[in-house]
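Subject: Structure handover

Hello,

Please find the structure below. My notes on what was found in it follow.

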Amino acid sequence: MKKAFVTKKGAKRVRHGHLWIYKSDVQKVEATGGDAVAVYDEAKNFVGQAFYSDSSEIALRIFTTRDEPVDKEFWRTKILDAARRRRPPKAENQPSGADARRLIYSEGDLIPSLIVDDYNGIFVVQTLAQGTEKLKQTFVEILREEFSPAAIVERNDVKVRQRENLPLAAGVLYGEVPDETIIEQDGVKFFVAPLAGQKTGSFLDQRENHGAVRDYAFGRALDCFTFNGGFALNLARVCERVRAIDISEDAINLARRNAELNKIENIEFETANAFDALRDLEKAGEKFDTIVLDPPAFVKTRAALKSAVRGYKEINLRALKLLNKGGVLVTCSCSFHFSEEIFLQTIEEAARDAKRRVQLVEKRMQAADHPILVGMPETYYLKCFILRVVE
């Protein structure tokens, strides 16, 4: 196997549980981009095996710390191990059935930069670094052999691939793929377009949070940044009326179709900028019993954190002012750089400025099929807090 030599700092990072070694900690590489390499420290002690990237700041992505053969059977075992850790779709012992799930969550499953989502037998694959791109056909073969999916598509049309000097692409890798399919999540049906929807077709990481709101929501509800109606459709099951807002007309049209699919009639959909809508609702003296805030990632880099904090504070401040006493706020962030500590501090400041006292009722995160790797904080990105206004 080809070799890479890293600094003491880079080796220590891996030995403490992280899977990335940055370009600044790489001393020498005897490989080309996309190769699997054996990694050694300055004293020539073995560190692990990794994918090498010749263009990204993340130069090495560790996939094993063992000195073992890496072949197709190695990757088959990795993929099968990841699958065994998931609850099977529609399991009898699973209280809330789902026929869509994340089968492989990249670093969280020790297969860096590989994503595989299963939409009721249609697999959507992302190979987000040079190493997984080079093995794409191998992964497709293993998925076909082990799971017999109806089809496999790639959604490699994401900007992160540009950092790897990889082309953007979306297309069918195996089988025939319909323009749309229908999935069911906790009793709610959704249209999914595997080749056209956001991310890999839907937001599977929020599935468990979508269902959790039913335990708290009541009365008149407002869902901001609704996208496909994930929260709104669940709110509608327990609330009298729901108002759902998104800036994208396409998203609102999809959410409306999902409501029709589920025969839900107590949702009012609106195409609007959520920031403007929240201010307008406050000026109009509107009040709600339940509000959900699920914005897109405001923080893409550490440099953007300061301005993002202002954005998160603004929407949470407005929402708290709109809630009746006893009302529930479900507020989310999918920004890794916006940590749980900063998020809670921002909510505290928003509550103080809104002159409201709130209880933190429950802290939630991304769905269990997006596991967090201890030692690698980047795998923990989705925070979902459920709060109640007590006065």
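The buried residues of helix α9 include Ala308, Gly311, Tyr312, Glu314, Ile315, Asn316, Leu317 and Arg318, together with Ala319, Leu320 and Leu322. Buried means under 20% relative accessible area, exposed over 50%, and partly exposed in between, with a 1.4 Å probe and protein chains only. Helices (H or I, at least four residues) and strands (E, at least two) are DSSP runs, numbered from the N terminus.

This is a predicted model, in which local features need pLDDT of at least 70 and side-chain atom pairs count only at pLDDT 80 or more, while totals for chains, interfaces and linings use all residues. Residues are numbered from 1 along each chain as its sequence is written, and side-chain values use heavy atoms, with hydrogens and water left out.

Helix α9 covers residues 305–322; at 1.5 Å a residue its 18 residues should span 26 Å, and because its end C-alpha atoms are 26 Å apart, the two agree. The expected span is 1.5 Å times one less than the number of residues in the helix.

Next, the aromatic rings. Rings of Phe, Tyr and Trp (its six-membered ring) pair if their centres lie within 6.5 Å; planes under 30 degrees apart count as stacked, over 60 as edge-to-face and the rest as tilted. By this rule there are 17 aromatic pairs. One of them is Tyr312 with Phe338, stacked at 4.1 Å centre to centre with 15° between the planes. The pair links distant parts of the chain, since Tyr312 is in α9 and Phe338 in the loop between β18 and α10 (340–354), 26 residues apart. Phe338 also pairs with Phe343: the centres are 5.2 Å apart and the planes at 50°, so this pair is tilted. Phe338 and Phe343 are both buried. One aromatic cluster is formed by Phe225, Phe275, Phe298, Tyr312, Phe338, Phe343 and Phe385.

Two charges sit over rings (NZ of Lys or CZ of Arg within 6 Å of the ring centre and within 35 degrees of the ring normal). The charged end of Arg257 is over Phe191, 4.1 Å from the ring centre, and Lys383 lies over the face of Tyr380, at 5.7 Å.

Last, the cores. A nonpolar core is a set of buried Ala, Val, Leu, Ile, Met, Phe, Trp, Tyr and Cys residues joined through side-chain atoms within 4.5 Å. The largest has 35 residues, and Tyr119, Leu235, Val242, Ile267, Phe269 and Val330 have the most contacts inside it. Its largest share, four residues, comes from α6.

Regards
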